[in-house]
Amino acid sequence: MVGPRVLQGESLEAFNEGIGYILNQCLTLQTAIDYEIGDNNSHPKLEQLIADVRSWFAHSKEPHHIGELTILIKEGMNTAFDLVIRDGSAEDMAAKIMGIRAQCIVGNFENIKLLREASVKKHEGLDIDQ
C-alpha cells in the first residue's frame, strides 16, 4: 500500500519555497515584471500567482494532474499580466513543480537547495560560473 502523499512540516515549507523559485525563474514573467506589463503592481501579481499555485495543491484533490496545473499557470499569467503563453514555458514550470513536489514528499530537498542557490546568486548579481 502506498503511504500518504501529503506534504507536512519541512517538506511543505521546501515545496512552497520551490514554487516561488520556479515561477521567479520564468523569463517571460520576469520580463513582464521588469517592464510592468499589466500595470505597475507586477510584484504583488507574481506573489498572487505563487499563492494560487500553492493553494491549488493544498485544496485540490489527489491525484494532481500536470495539465490542470499548466492551465492554472497559463490563466494566472494571462489574468495578471495579459500574457498568452505558447512557448511551452508554462508546461515546463508545471513539470518542474510536480517534480519538486514528488521529491519533497520523500524528503529529497536537493533541487530546492539548487534553486535557492541560483536565486541567491541571481540576486547578488554573481556569475554562476565563478
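1. The largest pocket holds about 260 Å³ of space. The model is a predicted one, and the values below are computed from it.

2. Lining this largest pocket are 15 residues, and N24, Q25, Q30, K122 and H123 are the ones nearest its centre. By class, its lining consists of 7 nonpolar, 6 polar and 2 charged residues.

3. Which helices supply at least two residues each to the lining of the largest pocket? They are α1, α2 (27-34), α3 (42-59) and α6 (110-124). The largest share is that of α6, with 5 residues.

4. The second largest pocket has a volume of about 220 Å³. It is lined by 13 residues, with L7, L12, F57, A58 and R101 closest to its centre. Helices α1 and α3 each give at least two residues to this lining, which is made up of 6 nonpolar, 3 polar and 4 charged residues.

5. Helix α1 spans residues 9-25 and helix α5 residues 89-105; the two pack with their axes 9 Å apart, at an angle of about 160 degrees. Angles over 145 degrees count as roughly antiparallel, and α1 and α5 are therefore roughly antiparallel to each other. Their crossing is right-handed.

6. On the α1 side, the contact is made by S11, A14, F15, G18, I19, I22 and L23. On the α5 side, M93, K96, I97, I100, R101 and C104 take part. The contact of α1 with α5 counts 9 nonpolar, 2 polar and 2 charged residues. R101 of α5 belongs to this contact and is also among the residues closest to the centre of the second largest pocket.

Note on methods
Residues numbered from 1 in each chain as written. Predicted model: local features only at pLDDT ≥ 70, side-chain atom pairs only at ≥ 80, totals over all residues. Heavy atoms only, no water. Axes fitted to C-alpha atoms, helices over the stretch in contact; angles between N-to-C directions. Helix = DSSP H or I, 4+ residues; strand = E, 2+ residues; numbered from the N terminus. Parallel < 35°, antiparallel > 145°, perpendicular 65-115°, else oblique. Left-handed = near helix turned anticlockwise from the far one by under 90°. Contact = heavy atoms within 4.5 Å. Nonpolar A, V, L, I, M, F, W, Y, C, P; charged D, E, K, R; others polar. 1 Å grid on protein atoms, 1.4 Å probe; cavity = no way out; pocket = protein on both sides within 12 Å on 5 of 7 lines; lining within 4 Å. Points joined across faces, edges and corners; volume = space filled by probe spheres on them.
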